[in-house]
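Subject: Structure handover

Hi,

Here is the structure I promised you. Please open it and keep it beside this email as you read.

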Amino acid sequence: MRNGHGTPIWYELLTTDPDASGEFYRQAIGWTIGPKPSEGPDYRMLVTADGSNVGGMMSLDPAMVAGGARPTWLFYIGVDDVDATVARITAAGGSIHLPAFDMPGVDRLAMVADPQGNTFYVMRGAVDAPSTAWERTGMGKCNWHELVTNDQAAANAFYADIFGWTFPGKMPMPEGMGDYVFAAVGEETFGATMQVNQHQPTPGWLFYFRAPDIEKAAAAVTAGGGTVHAGPMEVPGGDRVIVASDPHGASFGIASPGDAS
């Protein structure tokens, strides 16, 4: 069965140095990095310990960098109809970075942004095989999604309208940071949204990937030239997490089972 409309299905790292980035994430999260293709764009698979793909790593060439592209993590949201979704995104105040196009035998996709400027892809696969790249407790998989936005109420309304997401609960954050509003697709809570604040002043999507041991992961981030910005710390539910950036400046998170897990 294909993933339902609005489900996160793929993760992508844009980087200026695939070799160095691959080694960094191999140490920090435990992925195996697929080989560089013999022809075409430099796109390498990110593979979990059980042999499944969680995402890809795309090399930013000098022309992309000159055009303003920077190392970052993005994600793909599965949709029933890419063209119809792109039209609805535009009508709702979003923008289009890459118009819809086909990758023969793979998918149809487009790169878009919400009305607050946060970038993501929409995609419909060419085959009815489900993605398991997002799996709440799957080791090496994406564990959680966070949107930091400069207009939380408007962002929540946009994603509810376009993707059918619901927001089943919220949790007040300390120091006047506002509410941490949980987001769900279907019956599954997959992340949350929050307003920009003094601790997270930069809008954007942040993705947490699951690793076995948060202390070892944090040490690997630092040893690999990255930066741990927050944590290790326990979060509701018992997991322990860090928020970090890799040596090229792409932000991400890591989540690991807590002591009681």
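This is a predicted model: local features need pLDDT of at least 70, side-chain atom pairs count only at pLDDT 80 or more; totals for chains, interfaces and linings use all residues.

Local features need pLDDT of at least 70, side-chain atom pairs count only at pLDDT 80 or more, totals for chains, interfaces and linings use all residues, and side-chain values use heavy atoms, with hydrogens and water left out.

**Cores**

Start with the inside. In soluble globular proteins, nonpolar side chains tend to be buried together. A nonpolar core here is a set of buried Ala, Val, Leu, Ile, Met, Phe, Trp, Tyr and Cys residues joined through side-chain atoms within 4.5 Å. Buried means under 20% relative accessible area, exposed means over 50%, and partly exposed is in between (1.4 Å probe, protein chains only).

The largest nonpolar core has 48 residues. Tyr 11, Trp 73, Phe 120, Val 122 and Ile 254 touch the most other members. A second, separate core has 12 residues, including Val 148, Met 194, Leu 206 and Tyr 208.

What does Val 122 contact, leaving aside its neighbours within four places in sequence? Its partners include Ile 77, Val 79, Val 86, Leu 109 and Phe 163. Arg 108 is also among them. Contact means heavy atoms within 4.5 Å.

**Aromatic pairs**

The structure holds 28 aromatic pairs. Rings of Phe, Tyr and Trp (its six-membered ring) pair if their centres lie within 6.5 Å. Planes under 30 degrees apart count as stacked, over 60 as edge-to-face, and the rest as tilted.

Look at Tyr 25 and Trp 73. Their pair is edge-to-face, at 5.5 Å centre to centre and 85° between the planes. Tyr 25 is in helix H1 and Trp 73 is in strand E5 (residues 72-78), so the pair links distant parts of the chain, 48 residues apart. Helices (H or I, at least four residues) and strands (E, at least two) are DSSP runs, numbered from the N terminus. Tyr 25 counts as buried because its relative accessibility is 1%. Trp 73 is buried too, at 3%.

Tyr 180 and Phe 182 also form an edge-to-face pair, at 5.6 Å and 90°. Buried or partly exposed: which is Tyr 180? Tyr 180 is buried, at 9% relative accessibility. Phe 182 is partly exposed, at 24%.

**Salt bridges**

A salt bridge is a side-chain nitrogen of Lys or Arg within 4 Å of a carboxyl oxygen of Asp or Glu. By this rule there are 10. Here are some of them.

- Arg 26 and Glu 23: the closest N and O atoms are 2.8 Å apart. The two residues are three apart in helix H1 (residues 18-28), so about one helical turn separates them. Arg 26 is partly exposed at 40%, and Glu 23 is partly exposed at 37%.
- Arg 108 and Asp 83: the N to O distance is 2.7 Å. Arg 108 lies in strand E7 (residues 107-113) and Asp 83 in helix H3 (residues 82-91), so the bridge ties together parts 25 residues apart in sequence. Arg 108 is partly exposed at 24%.
- Glu 215 and Arg 240: the N to O distance is 3.0 Å. Glu 215 is in helix H5 (residues 214-223) and Arg 240 is in strand E15 (residues 240-245).

Asp 19, Asp 42 and Arg 44 are linked in a network of salt bridges.

**Single residues**

Ala 192 sits in strand E12 (residues 188-195). Ala 192 is buried, at 2% relative accessibility. Beyond its neighbours within four places in sequence, Ala 192 is in contact with residues including Trp 144, Leu 147, Tyr 180 and Phe 182.

Where is the cis peptide bond with omega of about 5°? This bond joins Gly 231 and Pro 232. Pro 232 is in strand E14 (residues 227-234).

Best wishes

How values were computed: Residues are numbered from 1 along each chain as its sequence is written.
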